[in-house]
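I opened my notebook to go through the contacts between chains and the surroundings of the ligands. Here is what I looked up.

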Amino acid sequence: MVKIDAKGTYYRDLNRKVREAVEKGEKEIVLENVNGQYYIGDGLRGNVSITIEGVPGNDLAAFMDGPTVRIKSNAQDNIGNTMNSGKVVIEGHAGDVLGYGMRGGKLHIRGNVGYRVGIHMKGDKKQGPTIIVGGTAGDFFGEYMAGGLLVLLGLDGDGPIVGDYLGTGMHGGTIFVRGEVDKEMCGAEVGVMEPDEDDLKVLREALSDYCADLGLKLEDVMSKGFKKLVPVSARPYGNLYAY
Amino acid sequence: MFRSLAPPEYLATIDRVKCIRCKRCIQNCGWGVYSWGGDKILIDTFKCVKCLRCYHYCPEEAIEIKDNPTRFKQNAYWGYHNIRNIKRQAETGGIPLTGMGSDLPYTILFDNLLIDACQVTNPSIDPLREPMELRTYLGKKPSSVKIEKGKDGKLKLAEPAPPQIKLEVPIIFSPMSYGSISLNAQKVLATAAKECGIVMNTGEGGLHEDLIPYRKNIIVQVASGRFGVNPEYLNAGVAVEIKIGQGAKPGIGGHLPGEKIPLEVAKTRMIPVGTDALSPAPQHDIYSIEDLRQLIYAIKEATDYKPVSVKIAAVHNVAAIASGIVRAGADIVYLDGFRGGTGAAPSIIRDHLGIPIEHALAAVDDRLRQEGIRNEASIIAAGGIRSSADAAKAIALGADAVAIGTAALITMGCTTCGKCYTGNCSWGITTQRPELTARLDPEVYAERLINLIHAWTHELKEILGALGINSIESLRGNRERLRGVGLDSFTLDILGVKPAGR
Amino acid sequence: MNHDYQKDMAGCGLTGLISRKRRRVSGSHIAKSLCLMTDRGNGLGAGYAAYGIYPEFKDFYAFHIMYDEPSVRRTVEEVLKASYHVEKIEEIPTSPVRAIPISPLLVRYFVEPLKEKLVGDVEESDFVVSTVMRVNSEIEGAYIFSSGKNMGAFKGVGNPSDIAEFFRMEEYEGYLWTAHTRFPTNTPGWWGGAHPFTLLDWSIVHNGEISSYGINKRYLEMYGYKLTLLTDTEVAAYLLDLLIRRHGLSIPVACAALASPFWKNIDRMDDGERDALTALRLTYGSALLNGPFSLLFGHSNGLVGINDRIKLRPLVAAVKDDVTYMASEESAIRAICPSPEKVWAPRAGDPVIVGLED
Ligand code: SF4
Ligand code: SF4
């Protein structure tokens, strides 16, 4: 294990140190006193685990392919942008536009997230991204979603757990929301239904990993019902244009 | 002896091999071009106006309507229309009439304006998935509002707000009276207006009882003829419009001949069958601006203060006139540019009087702002809005909404042949002949008009999205997002628009 | 030609703090927060505004004026002396900084309008605003960049730390601070273009581009504002002045006009509230700030943070003891407040409004 003190370190220098450590074959890296450094773990490959103490800056784990990053506090915006594989675990809250265009790997967030989380996620038969949010989410959750799995748990309270325009423009993938979903808040392209046995299996599998990461009990999380959101048409705008 | 020294404009031709003598063309042509000769269809091509009804209804595609190759010699100065009108005048001594808006090649400013789009420094917005608001309210806006906290902690108005007309899209249908168009055509407009959350306008022909179910989507018009006007009528719609003038014929009255006043039209206009319905050139109770004020307030009193719109033609001094109208208490100023359509107008008037809507709109919006009264009235721009792009440009120049007439009629089959004044419209639009109006099934054609409004709605949202704004009020008057191409600096100055590249 | 202007475009980072108990903190504090976000700017503009810094002159308007040329100073001073009692004139203290080789002449004036000049029902504040408008639009080479009481703006072309050092921000103590680092895309390299932008005791820092600028500008012109800077921030400042000071809207209502709720949400409110919000939106449609923005505005009694209706620009808020922090990034807050009691990201269009305790 190697510790890197990030205090007062400019992001370029910090990220260079991280990359060098990974190249040396380091399997565990702890970044201490991080505050605001951008782009940590960007484009990083391999089987390394990075623990971050402090609040990392925007664009963490963009294009990341393999590593596991654990953030012990809150995190900012644009995490997991177009991420390919690997995992980011956030023990606190996180900001806007998480997992934009993500194609694989996992984002596990214990707290709340901001606006436009999980937008345009994509998946295919081989791989699919997963984002699980323990708290609440802002508007445009799962906008343009084309594939993968989004789960919103709302574990911490009884207020509304999701914002407006949920899944607007969705044309693939699945969203699970723990509790009830107001159809008014959903995009026009979204159908709300009860999960079936197979769905629950998928959910249980995803959540076991999430719970393990964040020290939660699976039974507690599964104790409440879920709603499943899927697109009602793969071509929601087929009639929009005149030919 | 020749029939006319003006050769026919079009040649209606039938491929005799293809023709199966089904006679549908005879039935369909409102102008009586075709007749049955015992063994074949006879053609009187002088009467053809190229409305293309026969063409669409010929099951064998045997019909072709050609521009007559035997025309006057081309002359860059003596245009076809000049020579033709002289010949017609020589034959009749009359004023050549015409329908629709002017088709002469004056500069079209809309086509010299281009709209901005976002790149990098601000993001465009995705209109299909994110909120994009086109809702528009027409009416007087206070310059400020008083809002207080209620006992429940929620905000509430301290003083009531002036009445408004709510539009889901900043597009309305321009006034077209029953008489100038058929009841079925009005029903198409009403049905589409209701479905799209916008409004149609009765024009000055009164309100037929069949339209009463659509009253929440109707503006009733009061014009110089005062046809069909009574307190019930005034209260029948969401607003009342006083028509002063029309872009296609500013300063000119109307004349709907007695032959075109069958029972239903007469009833609606509240005049006897068969009399001429005359709309005087001026409103005879308005000889000055203070008279207009009186009429406006009389109508407000009679309607418990519904919004009042005043429609004027765009003329040279339009800015000052509009300012007077606003100060006289109008809630809406409807500006009709010189390209605006008409059911019937002398072509000499239509083609030579007034100014384009682009100039008029820019001047009026500027003037009202200079005087600090822009909020006192909404502006509707009309007179040649051909597409959602024209609409967007008009709104950016300062309009609250645009009105469309011709574009709506085109969805009903109109080809802008311009012969509306004959009352023979083969498409059943500008006619009262029952066999012709019956063709225009309101339900079927409303669908097409609704499609048009929906399509323009989508296009407007795309434009806003590209501009990076999600609400139409941020485009309204936002001339910073327009640029002129090929316009001289005077014109740019009037439009308040920078040249492209600046 | 009124429309023939070149609009300024810029990206940025912002930060601000307020002590509700009016505890004054040094400018080095806010500079530290701002400097963390240096990369959100490009070194072509930074600035600070502080409240509570001139206690000994708190009853006088503090005009901070920049002169591109020392020669215009006379003209401006004549204008001022004709209408104001001038309590004190001094050059704003600066330190030499290598990265800032040239700067305008910076002078501050503590003034009070002469009573006899306030004829009729002219409000003192309107009178001061008209002086600012007049000097800024009519006197070439002079620019009043701060005009409030017991507050001041300090800004220029440079990066956050250079500007802080140049203006010796550590020597000022305020209970409310806003600060800004700038990323202009078409730089006139003009000091007045930096933020915070201020008018009377309003100070605004702003991130993002206001796509509705054109109509906001024309709307303000209808009320006599002269937009000389051609920046979005100027528009925001004048709109606040119009809505809050002149039209008497409360801060939350003014915020609901500038970043109004969507019709969809207004339609779902109960009658009274729906009517109020509808009327508000109709009346202030041309004041709607559309496009991506987050902004902080300070005034002598509080600090407000707000962002656009669909959250295209970031804003984070935090609280510790009696201090509320707001910034573009959480880390900028943590740079000066490592362990806040509460950190949150305000919802789109939902203002964070903080007032002083007294
Ligand atoms: S239907 Fe129209 S196009 Fe056909 S012949 Fe008659 S006028 Fe001409
Ligand atoms: S409404 Fe009829 S007559 Fe008038 S232009 Fe259109 S098709 Fe021709």
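First, my classes: Ala, Val, Leu, Ile, Met, Phe, Trp, Tyr, Cys and Pro count as nonpolar, Asp, Glu, Lys and Arg as charged, and the others, Gly among them, as polar. This is a predicted model, so I kept its rules at hand: local features need pLDDT of at least 70, side-chain atom pairs count only at pLDDT 80 or more, and totals for chains, interfaces and linings use all residues. Residues are numbered from 1 along each chain as its sequence is written, chains are lettered from A and ligands numbered from 1 in the order in which they are written, and side-chain values use heavy atoms, with hydrogens and water left out.

**Entry: ligand 2.** I listed the residues near it, meaning those with a heavy atom within 4 Å. They are B:W31, B:M100, B:C414, B:T415, B:T416, B:C417, B:G418, B:K419, B:C420, B:C425, B:W427 and B:T430. By class I got seven nonpolar, four polar and one charged.

**Entry: ligand 1.** Which residues are around ligand 1? I found B:C29, B:W31, B:V33, B:Y34, B:C48, B:V49, B:K50, B:C51, B:L52, B:R53, B:C54 and B:I65. This shell has ten nonpolar, no polar and two charged residues.

**Entry: chain B with chain A.** Counting contact as heavy atoms within 4.5 Å, I see seven residues of chain B touching eleven of chain A. The buried area (accessible area, 1.4 Å probe, lost on putting two parts together, summed over both) is about 790 Å², with 56% from carbon and sulfur atoms. B:L128, B:R129 and B:E130 supply 66% of what chain B buries here, more than any other three residues. How many salt bridges (a side-chain nitrogen of Lys or Arg within 4 Å of a carboxyl oxygen of Asp or Glu) are there between chain B and chain A? I count one. B:E130 forms a salt bridge with A:R116, and the closest N and O atoms are 2.6 Å apart. The side of chain B that touches chain A has two nonpolar, one polar and four charged residues.

**Entry: chain B with chain C.** Here 48 residues of chain B meet 46 of chain C. The two chains bury about 3900 Å² between them, 57% of it on carbon and sulfur atoms. I noted seven salt bridges across this interface. I looked up the one between B:E473 and C:R281, at 2.9 Å from N to O.
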